[in-house]
Amino acid sequence: MGESHNLVIVESPSKAKTIGRYLGPNYTVKASMGHLRDLPKSKMGVDLEHDFTPQYIPVRGKESLIKELKAEAKKADTVYLATDPDREGEAISWHLKELLGLTDEKAHRVTFNEITQRVVRESIQHPRDIDYDLVDAQQARRILDRIVGYQLSPLLWKKIRRGLSAGRVQSVATRLVVDREKEIRAFQPQEYWTLDVSLNRVGKPGSFLAHYYGSPKKQDLENEEQTQAVIDDITGKEFTVTNVKKGEKKRSSAPPFTTSTLQQEASRKLGFTPKKTMMVAQQLYEGVEVEGVGTTGLITYMRTDSLRLSDEAMAAAADFIKNRYGKDYYYGKFHVFKTKSGAQDAHEAIRPTHVELEPEKVRGSLTADQLKLYKLIWSRFLATQMANALYDTVSIDTECNRHVFRSSHQSMRFAGFIAVYEEGRDDDGEAVGSPLPDLAVGDRAAASQITKDQHFTQPPARYTEATLVKAMEEKGVGRPSTYAATVSTIQDREYVVKEEKRLAPTALGEIVTGLMMDHFNDIIDVEFTANMESRLDAVEEGKQHWKALLAEFYGDFHRELEEAEKALEGVHLKVPEEQTDEICELCGRNMVIKMGRFGKFLACPGFPECRNAKPLVERMPGRCPKCGSGMLKRKSAKGYVYYACERGAECGFMTWDVPTADDCPECGQTMFKKSGKGRMKPFCVNEKCSKFLPEDQRGYYKKKTAASGDDGYKPAA
C-alpha cells in the first residue's frame, strides 16, 4: 500500500511556505489567497424575502486557482483546511469545502495559534470538523453589513453625494469622532490657579519646592483673589514641617498584548497606523526566513482579545529571565492576567513563539518595521513574567498660617520589569517630583520665592488612531479583526481626516452622521452596535440562530429606511465647502475645495458664471533655489511625490528632496532634507556654497545594475 497524499490549504503563500517546511513530502501546501467564494459585488446577493438565503459565487479572477485546488483536492486522500483561527477563517474553510466539493470524511479543519513545528504537527494530528456556529456568526456579520451598505448607501447618494457609503461599524466609529468634536466646541474652560513656594530650611542646608494643597483640607484656587489672599497670609512668615510620610510603591507590568493594545502601543511608540501594525504582525505570524533557524512564525495569532498565556510559554519566559537577569528579576510564579468579561478568549494573547529568539538574534532576518514590532511584542511578553518595579516614596506637608503646602518624590529602588519594557501613555504621565532633603516633623523653613500661575481647564483631546481603537474596544464596537479596517475606512471615505496625528471629522462626515442620527438611530447607536456584537457572539456559541437575528434586525431597519425616504423626499443636503486663501484669477473670489471623480480640486464658488478650476496643490516652506519663487508639493502620474517651483515649466526646477523653512547660515538659500519618515538633517543644495552637500551624500539608496553600475536615485536639477 502506497503512502498517503495530503493537501493542506492555507490563506497566504508565506504561511504555506512555513507550514510546508514542517510537514514533509507527504503534504502539499497550497494558498487560497483569501476568499475564493463570496457575495456578488454587483447586487445585494441576499434573498431578503426568503429567509435571508445568501447567493455565493466564485471570486472573479480566481478561476485558475480554483481549478488548480480542485485538481489537487481530487488527488489527495485528505484535505486539511488550515485557514486563520477566527470566524472569518472558519467561513473561508467552509467555502473551500463547498467550492471544492469535499465530503465530511475527506475534509478536516485544523487551526494554528502559532506557526511553529510543534504546533503545526500537533494540530495536523488532531483535526476537527468545521464549526458551523462560527460559520453562521460570520455569515450573519457579512449579511448585516451587506444589508446596511447596499440599502443605506443609495440613500446617501441621493440626499448628499454619489459614491458615499454607510457601514454598520464605520458609522459608529465616525460618530465617536463627531461627538468628540462637539464636546470640544461646547467646552467652557474653567479658570484655576497654582501656587508654589521655594523653601530653604532654617538653620540647616537644603531647599525644596512645595505646592499649595489646602487650608488645611484640600482646596482648589479658583481665581486670582483667592490665590493672592493665601500669598498675603504666608508672606514673611515661617513654614513648619507638620508631616513626613515615607513608603514603598510597587508597580506591576502591563498585561500581554491583545489586538487592541498592540495597535495602541505601536501607534504611541512606533508611529504605526493600526492597518500597518496588523500587516506587519501578519508577516511575523505567518513566518519569516530566520538565519540559522529557517522559515518560522515569530509570534502567535494577532487577532485576539484574550490575556491568556500558555503554561509552556510562561515557563520558557521564567527560565530566560533567571538566566539573563537573575532570579530576583523573575515574578516568582506564573503571572496570570484575567481577561475582561465579554472577551471571546478564543486564542492566547499575542506573544513571541520562541522567547529565546530575542530581537538582536533575528535583526538580520527582519525588515526594519518587522524588527520594531517584534521587539515591542517580545519585550512586552517578557516583562509580564518579571518582578514588580519598586519605588521609595516620600510626601512632606509644610504648614504656614494654616495653609498646607505639599512636596512629594519617588525614586526607583529596583527596576524589575522596567529593565525590559515600560508601557507608553496617552497623557503626560505622573510627575515624580524633585529629590527632597531629609526633613523631619518640626523642621522650619523660609520662603525664598512665591510663584502663582493662572491656568484654564482644557477640552477633551481629539482621538488619535490609538485612542479611537481603545474607545471602540471599551464600548464594544467591533471586534479585534475589525478595528484596523474600520479606522482606515473612515479616513479613506473622507468622513474623518488626520490633523497633527489626531482625527477630526470632515464637513462630509458631520453631515452623514447627522442624517444617520436623525433617521437611523439604531445603526449609529453605540449601545445598539455593542449589543449586536454580543448577539453575534451568541450565534458563535450556538445560543442564537443567525437567521432569526437577521430577521429581527431587518424588520426595524427596513421600516426606518422607508420612513427616512418619505421624510427626506425632495431634500438634498449640501456639504459646506472648504474655503481657501487661493484667489480666482478670473473673478477675484476665494476658491473652494471640491471633490471630483479623481479626488479634490480647487474650483471657483461662482460656478456656473465662473468655471475656473485647477489642481489642488500644497504650498511648501522655502524658496526655489533657481529663481526664488515659492515651492509646491506635487504628485507624478504614477503617484510619486515631488517638489517643484510654482512657476512650473517657466522655471523648470523640481526635486525629490523636501524644502524646509530653514535657510543656509552660509549662503542664505533654502535648505532641503531627504524625503522619508523620521527626523532628517537639512542640507544646502547651492553648489557654490561651502555647505553644499552633493547628491551622492544625501543618504538615498542607490540601486546597482550590471549595465551601468549605478541606476539609483538622482534628484532633478
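Visitor: Where does Phe52 sit in this structure?
Guide: You'll find Phe52 in the loop between strand S4 (46–47) and strand S5 (53–54). A strand here is a DSSP run of E with at least two residues, a helix is a run of H or I with at least four, and both are numbered from the N terminus. Bear in mind that this is a predicted model, where local features need pLDDT of at least 70 and side-chain atom pairs count only at pLDDT 80 or more, while totals for chains, interfaces and linings use all residues. Residues are numbered from 1 along each chain as its sequence is written, and side-chain values use heavy atoms, leaving out hydrogens and water.

Visitor: Why is Phe52 called buried?
Guide: Its relative accessible area is 6%. Buried means under 20%, exposed means over 50%, and partly exposed covers what lies in between (1.4 Å probe, protein chains only), so Phe52 counts as buried. Phe52 also has a positive phi of about 55°, although it isn't a glycine.

Visitor: What makes Met33 partly exposed?
Guide: Met33 has a relative accessible area of 47%, so it goes into the partly exposed class. Its phi is positive too, near 60°, again in a residue other than glycine. Look for Met33 in the loop between strand S2 (27–31) and strand S3 (37–38).

Visitor: How do you know that Thr529 is buried?
Guide: Thr529 has 1% relative accessibility, so it counts as buried. It belongs to helix H17 (residues 526–540).

Visitor: What does the side chain of Thr529 reach?
Guide: It reaches the backbone oxygen of Asp525, at 2.9 Å. Setting aside neighbours within four places in sequence, Thr529 is in contact (heavy atoms within 4.5 Å) with Arg168, Val172, Gly476, Val477, Asp522 and Ile523.

Visitor: Why are H5 and H17 called roughly antiparallel?
Guide: The axes of helix H5 (residues 132–159) and H17 cross at roughly 150° and come within 7 Å. Axes are lines fitted to C-alpha atoms, for helices over the stretch in contact, with angles from 0 to 180 degrees between N-to-C directions. Under 35 degrees counts as roughly parallel, over 145 as roughly antiparallel, 65 to 115 as roughly perpendicular, and the rest as oblique. H5 and H17 are therefore roughly antiparallel to each other.

Visitor: Which residues of H5 and H17 make the contact?
Guide: H5 brings Asp133, Leu134, Asp136, Ala137, Ala140, Arg141 and Leu144, while H17 brings Met532, Glu533, Leu536, Val539 and Glu540.

Visitor: What makes S23 and S26 edge strands?
Guide: They belong to an open sheet of 4 strands in the order S23-S24-S25-S26, with antiparallel pairing. Strand S23 (618–623) and strand S26 (654–655) each have a single partner strand, so one side of each is left without a neighbour in the sheet.

Visitor: How do you know that S25 pairs with S26?
Guide: Two strands pair if DSSP finds at least two bridges between them. Strand S25 (residues 641–645) and S26 are joined by 2 bridges and run antiparallel, so they count as a pair. Ala644 stands opposite Met654 in S26.

Visitor: And how many bridges join S27 to S28?
Guide: There are 3 bridges between S27 and strand S28 (residues 670–673), and the two run antiparallel. Asp663 has Thr670 in S28 as its bridge partner.

Notes: A polar contact is a pair of N or O atoms within 3.5 Å; within protein, one must be able to donate a hydrogen and the other to accept it, and residues adjacent in sequence count only if both atoms are side-chain atoms.
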